[in-house]
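Please look at the display first, and then we will go through it together.

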Amino acid sequence: MAEDSNIDATVMQMVMERWQKTAMVIAKTEEALRKEGEQVSFEEIAERIEALDSRGDIESQGNLALWRNSEVRLPQARPETNE
């Protein structure tokens, strides 16, 4: 079973600056971990994606529980305002 930190690191390698379906990120993460000899379920990866979103390490849109109807990406730089 993969450590949370290993799952997180692998998820972060799969997430891009553009929006991607959560299901695609989960599938790519599972494949990469499997190639490393790690056994991890799609559900475990989805839980880690939710944790990364809660921490602000990634951004999401839609309900993350609905993998095909939600998307994730790397956080976008916020424009600075001079007020």
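Predicted model: local features only at pLDDT ≥ 70, side-chain atom pairs only at ≥ 80, totals over all residues.

Residues are numbered from 1 along each chain as its sequence is written, and side-chain values use heavy atoms, with hydrogens and water left out.

The chain holds 3 helices and 3 strands, where helices (H or I, at least four residues) and strands (E, at least two) are DSSP runs, numbered from the N terminus. Of the 83 residues in the chain, 34% are buried; buried means under 20% relative accessible area, exposed means over 50%, and partly exposed is in between, with a 1.4 Å probe and protein chains only. When we take contacts (heavy atoms within 4.5 Å) between residues at least 6 apart in sequence, 53% of them join residues at least 24 apart.

Now to the core. In soluble globular proteins, nonpolar side chains tend to be buried together. A nonpolar core is here a set of buried Ala, Val, Leu, Ile, Met, Phe, Trp, Tyr and Cys residues joined through side-chain atoms within 4.5 Å. The largest one has 17 residues, and those that touch the most other members are Ile7, Val11, Val25, Ile45, Ile49 and Val72. Two or more residues come to this core from each of helix H1 (4-14), helix H2 (22-35) and helix H3 (42-55). Leaving aside residues up to four places away in sequence, valine 11 touches Val25, Thr29, Ile45, Ile49 and Leu52.

Not counting residues up to four places away in sequence, threonine 22 touches Ile49, Leu64, Trp67, Ser70, Glu71 and Val72.

Arginine 48, in helix H3, is also a residue to look at with care, since its relative accessible area is 15% and arginine 48 is therefore buried. Arginine 48 and aspartate 8 are 40 residues apart in sequence, yet their C-alpha atoms are 6.3 Å apart in space. With residues up to four places away in sequence not counted, arginine 48 touches Asp4, Ile7, Asp8 and Arg55.

Arginine 73 sits in strand E3, and its side chain makes a polar contact with the side chain of glutamate 59 at 2.8 Å. A polar contact is a pair of N or O atoms within 3.5 Å; within protein, one must be able to donate a hydrogen and the other to accept it, and residues adjacent in sequence count only if both atoms are side-chain atoms.

Lastly, the loop between strand E2 (59-61) and strand E3 (71-73) holds leucine 66, which is partly exposed because its relative accessible area is 44%. Asparagine 63 is found in the loop between E2 and E3, and is partly exposed, with a relative accessible area of 43%.
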